[in-house]
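Here's a quick briefing to read with the model open in your viewer. Have a look at the structure below, then we'll walk through a few spots.

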Amino acid sequence: MTFPSESSVGDESRSASFYPTLMSGQRFWSELPFGRRHGYAVHVTQGPAEEHAEKGNMLFYDFLVLLDPSSGPLPSVVTVSFKDPTFSQSTVSQLISTFSWISPQTSKSSHEEAASATVERERPKEIHENLHTLLSEARDELFEDGMETNFSKALISLIQCYGNDAVEVLTEFVVSEQVNPEVASEALRWIGRVEDLSTQQSRLWLLGRSLFSASSRVRDAAVLGLASLNDPEAVLVLEAAIRREHIDELRQDMEQVLNQFRDISGVSFENNKKV
Amino acid sequence: MANKRKPPERPSQDIWQVESLRFTAFPTPDAQIEEPTWWKDLIGEPAERKVSAPKRRILQEEGAFSGGKLMLSIQPLRIDWTLSPSPSQQQELDALPTIGLVSDSLRVFSELIERWIQSESFPPVKRIALGTILLHPVENGKQGYEQLSAYLPAIQLDTEHSSDFSYQINRPRASVSGLADLKINRVSRWSVALMRAGSIAVGPQTVESVMGREHFACRLELDINTAADFAGSLPRERLPAILHELASFGEEIVREGDVP
């Protein structure tokens, strides 16, 4: 199963509706490579938000239960008592504290995905937290064109550390337009300057998508970011953005960057192929 | 000269049961996806459950389909259709949680996806993927490893004294769909899984977990996808051919094992 990733700015939007949920009485299946320690992974299913609100008794936490090998075979019945009569996150905390061998994990983290794989990956949680903090605190910073700031340094460092995962989380923040446009613009200008081929595609996607932002400030920054990225693959998305752009000055900026790419010797696009 | 034991024959591909099927489309940056009606258009009725977060550009819909549970998940970076066992299929204690045989399930799922990618409202996409998790029940771990050996000619697996075996490989091939620069990734991961059904009963002051019997199964995870480095969007008129190609590559791996 796949777990929807956290993809919002505020804690309030980490609602149960996007968390997988395990309902009381529901059967689950364990699945572990043969030979691993005794244990079982809880495969939880997703419950809708409205059910959660109505019943108030759904567990929205995924965890992997691992028994210590020395504890012998997995017992057929495990009973855990808890004090809190409301079935909630605190129940899980009690569950975990009662049995030290229960370690919270997601079922996705046990696999190393191939670079060419497309299955949705569990991203390190700290990326979301760090980026959220970074974007929130940056609202108080003053940005000057081309000047490094604490924000830009931290952002680049995050991308260098976490690669595509960091860019994808940033994408979710920017696309949901919950980031201050000034901060989003600064981020877009800087991600175009990062020299890292492994994140080129994801940065290109975010910059291209931002050409269609509702904020003209963000669209302007996306143009600058694309100019810095200097990747002729942006030709098609620039052409589409030019057709939609209603601010003359911005459209001219886009055309200028488009010409920059077309001028790159020998590169043009026909039938979606670089020629 | 030491006697080299002959690996078991590969059984028919229909010994493999489907735990889940997934089709993923990665929209291009300029794709405008506003309140899509794909579920209703394809299934013919509204979803049984729907969760929407318009600000975050997220929509999830799910309902019964072909005996299993179908889910549509839309996010800015990707759109996933997933077919997995229905709640009733998951309630089975003595059978693996699967939706059916690989050939039947793949055909039904592919037909659904083909209708979607041919629809007017299908967005421009940069990349598509067909993924599946397949299970082939075996008696025990050793038999599972022996069976896997038949699918992995490049691997010498000591079936008697091994555990925790997992083999993942990508065998990319050039697409024959008519797009000269398109490469298809053929990612497969092979292992033997130990599975147990269980249930959790929640009382006012207790959580009780009841576990069923153990099941062993060869596990094959496939992720057949168009490579990320393709420039621009995949031509709309070529998508059905590419989808068939992905399915065909998947079936070949199920039939022939890990071959270049």
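How many of the eleven residues of helix α7 (residues 200–210) of chain A are buried? Nine of them are, so to speak, under cover, and the helix counts as mostly covered. Keep in mind that this is a predicted model, and that chain A averages a pLDDT of 68.

- Chain A has ten helices and nine strands.
- Of its 275 residues, 39% are buried.
- Take the contacts in chain A between residues at least 6 apart in sequence: 64% of these join residues at least 24 apart.
- On confidence, 55% of the residues in chain A score a pLDDT of at least 70.
- Residues 1–87 of chain A stay under 50 in pLDDT, and the model has 189 contacts beyond four places in sequence for them.
- Residues 269–275 of chain A also stay under 50, with 17 contacts beyond four places in sequence.

**Helix α7 of chain A and what sits around it**
- The buried residues of α7(A) are A:Ser202, A:Arg203, A:Leu204, A:Trp205, A:Leu206, A:Leu207, A:Gly208, A:Arg209 and A:Ser210.
- Their cover includes four helices of chain A: α5 (164–175), α6 (181–191), α8 and α9 (235–244).

**How α7 packs on α8**
- Two packed helices are described by the angle between their axes and the distance between the axes.
- For α7(A) and α8(A), the axes come within 8 Å and cross at roughly 145°.
- That crossing of α7(A) and α8(A) is left-handed.
- On the α7(A) side, the contact is made by A:Arg203, A:Leu204, A:Leu207 and A:Ser210.
- Facing them in α8(A) are A:Val218, A:Arg219, A:Ala222, A:Gly225, A:Leu226 and A:Leu229.
- Sorted by class, the contact of α7(A) with α8(A) has six nonpolar, two polar and two charged residues.

**A:Val223, a residue of α8**
- A:Val223 belongs to helix α8 (residues 216–229) of chain A.
- Why does A:Val223 count as buried? Because 28 other C-beta atoms lie within 10 Å, and the cut-off for buried is 20 or more.
- Leaving out residues up to four places away in sequence, A:Val223 touches A:Asp253, A:Met254 and A:Val257.
- A:Gly192 is 31 residues away from A:Val223 along the chain, and their C-alpha atoms are separated by 9.5 Å.

**Over to chain B: strand β1**
- Strand β1 (residues 17–27) of chain B is mostly covered, with eleven of its eleven residues buried.
- Which way do β1(B) and strand β7 (residues 125–138) of chain B pair, and over how many bridges? They pair in the antiparallel sense, over ten bridges.
- In β7(B), B:Val18 has B:Leu134 as its bridge partner.
- β1(B) also pairs with strand β6 (residues 100–101) of chain B, in the antiparallel sense over two bridges.
- B:Val18 turns up here as well: in β6(B), its bridge partner is B:Gly100.
- Strand β5 (residues 79–85) of chain B is joined to β1(B) by five bridges, and the two run antiparallel.
- For that pairing, look at B:Leu21, which stands opposite B:Leu83 in β5(B).

Technical notes:
Residues are numbered from 1 along each chain as its sequence is written. Chains are lettered from A and ligands numbered from 1 in the order in which they are written. This is a predicted model: local features need pLDDT of at least 70, side-chain atom pairs count only at pLDDT 80 or more; totals for chains, interfaces and linings use all residues. A residue is buried if 20 or more other C-beta atoms lie within 10 Å of its own, exposed if 12 or fewer, and partly exposed in between; C-beta atoms are placed from the backbone. Two residues are in contact if their C-beta atoms, placed from the backbone, lie within 7 Å. pLDDT is the predictor's confidence in each residue, from 0 to 100. Axes are lines fitted to C-alpha atoms, for helices over the stretch in contact, and angles run from 0 to 180 degrees between N-to-C directions. A crossing is left-handed if the near helix is turned anticlockwise from the far one by less than a right angle, and right-handed if clockwise. Ala, Val, Leu, Ile, Met, Phe, Trp, Tyr, Cys and Pro count as nonpolar, Asp, Glu, Lys and Arg as charged, and the others, Gly among them, as polar. Two strands pair if DSSP finds at least two bridges between them.
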